[in-house]
Amino acid sequence: MRNIALASRGERLSVLCLGAHSDDIEIGVGGTILSLLSRGVILDVHWCVFSASGERETEARRSAEAFLSETESCKIELGNFEDSYFPSQSREIKAWLIELRSRVSPDVIFTHSREDEHQDHREINMLTTNVFRDHFILEYEIPKWDGDLMRRNTYVPIAEAIMEAKVELLLKNFGTQRSKDWFDADTFRSLARLRGMECRAPARFAEAFTARKLLLA
């Protein structure tokens, strides 16, 4: 398998992370962000959560700041769209994304998977690919009760120390989620171990993505 790096040590990389809810980005791409930083990539990150209110807003900001503490620059934006009803707010969310596009031009965008069973996640995916037509987009996955995990075609190996840091930050920063039966260290490690097996990751863990379109020059 040929390895293609997003960026090498000392190179600058502009990243846009889009998540419907306050823990989505961390679950789907948190290990990748931490891995890039550990490899010496200079990251400029724009981190956008579309639905974060009340205690979830506090958690979202605290967690984002923890994951992004070593970045060269970061901007965190939290929206107040109504959780679970994103399809009915499609026009407003699209306008929000169009305005965002006027301010950022990232090297890579991380967003939800098109096949995700959660309606909010699917809506963010469809609007991301509609608004950001000329960008490199990687779709991340969120484990859930619906059983919607699927075959992926892009992998980022995760060192064991990075995997443990990701799990620790998730459990530390999202107290409102710890009562949910799926939100635990075993779930996060198990999915990463499965994806690590699929790509033969050196440290056995990986995060997996779907790349719909990739230009090789």
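1. The model is a predicted one, in which local features need pLDDT of at least 70 and side-chain atom pairs count only at pLDDT 80 or more, while totals for chains, interfaces and linings use all residues. Residues are numbered from 1 along each chain as its sequence is written, and side-chain values use heavy atoms, with hydrogens and water left out.

2. The largest pocket holds about 850 Å³ of space, and among the 27 residues that line it, Asn 3, Ile 4, Ala 5, Thr 154 and Tyr 155 lie nearest its centre. Its lining comprises 20 nonpolar, 3 polar and 4 charged residues.

3. The second largest pocket has a volume of about 360 Å³; of its 14 lining residues, Arg 133, His 135, Phe 136, Ile 137 and Lys 213 are the closest to its centre. By class, this lining has 5 nonpolar, 2 polar and 7 charged residues.

4. The search of the whole structure also finds 2 cavities of 30 Å³ or more. The largest cavity, at about 100 Å³, has a lining to which α1 (24-38), α6 (185-199) and β7 each supply at least two residues. Ile 27, Phe 188 and Ala 206 are among the residues of that lining, which by class has 7 nonpolar, 1 polar and 3 charged residues.

5. The second largest cavity contains about 40 Å³ of space, and the residues lining it include Ser 113, Asp 116, Lys 144 and Arg 152. Its lining divides into 2 nonpolar, 1 polar and 5 charged residues. Glu 141 belongs to this lining and also to that of the largest cavity.

6. On the surface, Ile 4, Leu 214 and Leu 216 form a nonpolar patch with about 350 Å² of accessible area together.

7. On terms, a patch takes residues with over 30% relative accessible area and no salt bridge, joining like charges within 9 Å and nonpolar side chains (Val, Leu, Ile, Met, Phe, Trp, Tyr) within 5 Å. On a 1 Å grid over the protein atoms alone, a cavity is a set of points where a 1.4 Å probe fits but cannot get out, a pocket is an open set with protein on both sides within 12 Å along at least five of seven lines, and lining residues have an atom within 4 Å of a point.

Notes. Areas by Shrake-Rupley, 256 points an atom, 1.4 Å probe, with all protein chains shown as cover. Salt bridge = Lys/Arg side-chain N within 4 Å of Asp/Glu carboxyl O. Points joined across faces, edges and corners; volume = space filled by probe spheres on them. Nonpolar A, V, L, I, M, F, W, Y, C, P; charged D, E, K, R; others polar. Helix = DSSP H or I, 4+ residues; strand = E, 2+ residues; numbered from the N terminus.
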